[in-house]
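Subject: Structure handover

Hello,

Here is the structure for you to look through. Please open it first, then read my notes beside it.

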Amino acid sequence: MFSMTPLVLVLTLLAARPRYALGATQACVSATPLALPITDIQVLPSISDSFMKGIPATIGTPLQDIVLLPWAELNNTYIYDERSDCDASIIYSELICQIRRGGYFLETDSSTFAKSPDLISAGGATQEIATTGTELGVKKLTGTSLSGTESLAVGPAKALTLPIGIPRLRWDNGYTTLSPLGLGSNSTYLNALVQAGQISSRVWSLFWGRMWTDVGAMDGHVVLGGYDEEKVVGANYTQPLDYSEATGCWTGMKVTVSGLFVNFRNGTDVDVLPKNSAIRTCIVPHRQLLLEAPGSIVDDVETTMGMSNIGPSYSLHWSARNYNESFFDGDITFQLSNGLQIRIPNSQFLTPGVDILRNGSRVLDTSIRQLLMNGVGEQPATLGRYFFTAAYLMVNHEAQSFTLWQANPSTSSKLVAVSKEAAVGCADGEPKDGDKSNPGPASPSAESESKTNIGAIAGGVVGGVAALIIVVVASFFFARRRSHGNVGGNKHPNELATVDDPSKKYSVGLHEVQGNDIYEHQGRRAELEAGPETAVYRDY
């Protein structure tokens, strides 16, 4: 009798194991990720050059064309109508405003728009993230917008009836341009796609593409429900999302720039950050530049590149620095404290002037260059959309984490689903191991490129069965030991625990950035002079 009980348990588990494995695989691949293109779109049919770069969408009945911009922190989606409030000091006409907004939604012309007393009554998220640094009007959006439900189809996704807000105040300073597609932690759009079975999880990924260049130009994309394995290279780095006020990052994605290298064509690399210094930076993918940082940092970049600006830009790259001679021809590299290095090619941070003329045409001014950096004062430093011309981002709301890779600017595509249950990547129906410090999709490797076959599946099943047998036998002997009074405790580690614990890495006050002798305080860089006890804070 003593030897039969474990055998019965093992046989029971053997019988159950194949069905469990098949079900898990089906869950991983039940919905193919959706790739929403980020591309040039003609806003007005009557103006051939009225282009804006964003995500194409249709809204209402009959269909009206609009252009959307992915917003990492917004939970609701907001669509501009003809009462869009652009800043007249930098956007000089109603026509320019209409094009920069990506077209207007005329709700009175749609038979399917159902007005509601407010956005919450329409089924919208009850609040938006209002951490210090976000657009000042965000906290008022839900209460002041004209609200209702409407049919919205974004890119290749099927149309869904969603709660939308139509802004009635200048909440974004009037220059952020396109209507925002909310992809925040309680995104009404992502929630609706999951509920409709169009995607498997509240996960989205971003590659902005390459633009304003004749060599290597390509569209970008936002992948919903997974990521594009062909667009990533090297190791992935995963951190928890943290929207707390202590981080000073309203998107929840705070990283530390520990090196900012100007790369000269002769092979020389010059770090513009002094030794033992760093910049705590918020990733904000919708922002119009590459880097917004303390003005002295941008000054150092400009000086190192041997350029002298002629003033700020008021064009689509609002607040960039303009230059009309002696253009730098090298690259720039961001070194993050987690080990990731991102090299931005010259064409993606030193661009021609880009603007919308009074006649509605978008034009390039190749006689000037714009350095896509801006100095900020008390505002947090940010990495904007042009960072993702060379980096790849995945936000996993199921695992409450975000992952960064070096981007592989390829026109090839291999979409990988991320399951809601396990919060891991599933390629060709097989779960992939993620970063060892935190669950997430694996970096591409020779093994991950191989095709799944029957032998691999069988091997996985056999391995799983062997593990189960070990567990059952160990449990049996453990139970016997308990009956003799030897009781041991079980520890259940948090599956999302990482070395990048926000309470340790992002706490306010003097602290060391992991892996580097760097100390920071409230966005300032602190240079060590006599060890950890003595740090001199400089207003960078």
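Below is what was found in it, topic by topic.

First, the ground rules. This is a predicted model, in which local features need pLDDT of at least 70, side-chain atom pairs count only at pLDDT 80 or more, and totals for chains, interfaces and linings use all residues. Residues are numbered from 1 along each chain as its sequence is written, and side-chain values use heavy atoms, with hydrogens and water left out.

**Disulfides**

A disulfide is a covalent bond between the sulfur atoms of two cysteines. Here the test is a pair of cysteine sulfur atoms within 2.5 Å. How many disulfides does this rule give? The count is 2.

Take Cys-86 and Cys-97. Their sulfur atoms are 2.0 Å apart. The link is right-handed, with 80° about the S-S bond. It joins distant parts of the chain, 11 residues apart: Cys-86 is in the loop between β4 (77–78) and α2 (94–100), and Cys-97 is in helix α2. Those labels come from DSSP runs, numbered from the N terminus: helices are H or I with at least four residues, strands are E with at least two. Cys-86 is buried, at 11% relative accessible area. Cys-97 is buried too, at 2%. Buried means under 20% relative accessible area, exposed means over 50%, and partly exposed is in between (1.4 Å probe, protein chains only).

Now Cys-249 and Cys-282. Their sulfur atoms lie 2.1 Å apart. The torsion about the S-S bond is about 70°, so this disulfide is right-handed. The two cysteines are 33 residues apart and link distant parts of the chain: Cys-249 sits in the loop between β12 (232–240) and β13 (254–263), Cys-282 in strand β15 (residues 279–283). Cys-249 is buried, with a relative accessible area of 0%. Cys-282 is also buried, at 0%.

**Helix α4**

Why is helix α4 described as largely enclosed by the rest of the structure? Because 7 of its 8 residues (188–195) are buried. Among them are Tyr-189, Leu-190 and Leu-193. Ser-187 caps the N-terminal end of α4, where a side-chain oxygen lies 3.3 Å from the backbone nitrogen of Tyr-189. This is a polar contact: N or O atoms within 3.5 Å, where within protein one must be able to donate a hydrogen and the other to accept it, and residues adjacent in sequence count only if both atoms are side-chain atoms. Just after α4, Gly-197 has a positive phi of about 75°.

**Aromatic rings**

There are 8 aromatic pairs. Rings of Phe, Tyr and Trp (its six-membered ring) pair if their centres lie within 6.5 Å; planes under 30 degrees apart are stacked, over 60 edge-to-face, the rest tilted.

One of the pairs is Trp-71 with Trp-171, which is tilted: 5.0 Å centre to centre, 50° between the planes. Trp-71 lies in strand β3 (residues 64–71) and Trp-171 in the loop between β7 (160–166) and β8 (179–182), so the pair ties together parts 100 residues apart in sequence. Trp-71 is buried at 0% relative accessible area, and Trp-171 is buried at 1%. Tyr-392 and Trp-405 make an edge-to-face pair, 5.8 Å centre to centre with 70° between the planes. Tyr-392 is in strand β25 (residues 391–396) and Trp-405 in strand β26 (residues 401–407), so this pair ties together parts 13 residues apart in sequence. Ring pairs also link Trp-71, Tyr-78 and Trp-171 into a cluster.

**Nonpolar cores**

A nonpolar core is a set of buried Ala, Val, Leu, Ile, Met, Phe, Trp, Tyr and Cys residues joined through side-chain atoms within 4.5 Å. The largest has 111 residues; Tyr-189, Trp-204, Leu-224, Leu-290, Ile-332 and Phe-334 touch the most other members. A second, separate core of 12 residues includes Phe-207, Met-218, Val-232 and Trp-405.

**Ser-410**

Last stop: Ser-410, in the loop between β26 and β27 (415–418). Is Ser-410 buried or exposed? Ser-410 is buried, at 16% relative accessible area. Ser-410 and Met-218 are 192 residues apart in sequence, yet 8.3 Å apart in space, C-alpha to C-alpha. Leaving aside neighbours within four places in sequence, Ser-410 is in contact (heavy atoms within 4.5 Å) with Met-218, Glu-230 and Lys-231. A polar atom of the Ser-410 side chain lies 2.9 Å from the backbone nitrogen of Ser-412.

Best wishes
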